[in-house]
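Take a look at the fold below. The text that follows walks through its charged pairs, then through its overall build.

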Amino acid sequence: MYGYMRLTPSDDPDENAAIEGELRRYTLREGFELERLFIERLGAQDESAFFALVDALKATEIKHVIVPSLWHFARLPGLQAAMRAHIEGELGVRLWVIQNSARQPRSVSS
C-alpha cells in the first residue's frame, strides 16, 4: 500500500508525525504494509508528490492508497472528487480515507 499526505509550511511537525504514525498503524491493522509515503510539500520546488504517486502506481502492482482525509488531495471538493476519480476510476486503485472530511484534520482517530 502507498500513502499520500499534503503538508503546508505552517503545519505543526508534531501533528504531521502523529498523522504519519496513524497511517502506518492503520495499514498494519488492515493487513497491509506502507511501502512508501508520498508527501506533498506545498511551497516546495520539488516534483509533485501526487504525480510521483500516480507514476509509481502505473509502474507497480500496488492497488491500494491511504490518505488521512480528502483534504490532503485538495481543499476544493470538486478537485478532491477529480483526484479520487483518477486514482480509483482511471488507475483501478482502492483509496482508503481514514477521515472522511473535506477539512484538514486536527488529529486522526483510530
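Which residue forms a salt bridge with R84? The partner is E88, and the closest N and O atoms of the two are 3.4 Å apart. A salt bridge here is a side-chain nitrogen of Lys or Arg within 4 Å of a carboxyl oxygen of Asp or Glu. This is a predicted model, in which local features need pLDDT of at least 70 and side-chain atom pairs count only at pLDDT 80 or more, while totals for chains, interfaces and linings use all residues. Residues are numbered from 1 along each chain as its sequence is written, and side-chain values use heavy atoms, leaving out hydrogens and water.

Stay with R84 and E88 for a moment. Both sit in helix 3 (residues 77–90), four residues apart, or about one turn of the helix. Helices (H or I, at least four residues) and strands (E, at least two) are DSSP runs, numbered from the N terminus. R84 is partly exposed, at 27% relative accessible area. E88 is partly exposed too, at 31%. Buried means under 20% relative accessible area, exposed means over 50%, and partly exposed lies in between (1.4 Å probe, protein chains only).

Salt bridges that share partners also join E22, R25 and R29 into one network. Within it, E22 pairs with R29, with their closest N and O atoms 3.1 Å apart. E22 is buried, with a relative accessible area of 3%. R29 is partly exposed, at 47%.

Now turn to helix 1 (residues 13–29), which holds E20 and R24. These two form a salt bridge, and their closest N and O atoms are 3.3 Å apart. E20 and R24 are four residues apart, so about one helical turn separates them. E20 is partly exposed, at 25% relative accessibility. R24 is partly exposed as well, with a relative accessible area of 36%. How many salt bridges does the rule give in total? The count comes to four.

Step back to the whole chain. The protein has three helices and four strands. Along the sequence they follow the pattern β-α-β-α-β-α-β. Of its 110 residues, 46% are buried. Contact means heavy atoms within 4.5 Å. Among contacts with a separation of 6 or more, 74% come from residues 24 or more positions apart.

Last comes the surface. The protein exposes about 6200 Å², and carbon and sulfur atoms supply 49% of that area. Accessible areas come from the Shrake-Rupley method with a 1.4 Å probe; for residues, only the protein chains shown count as cover.
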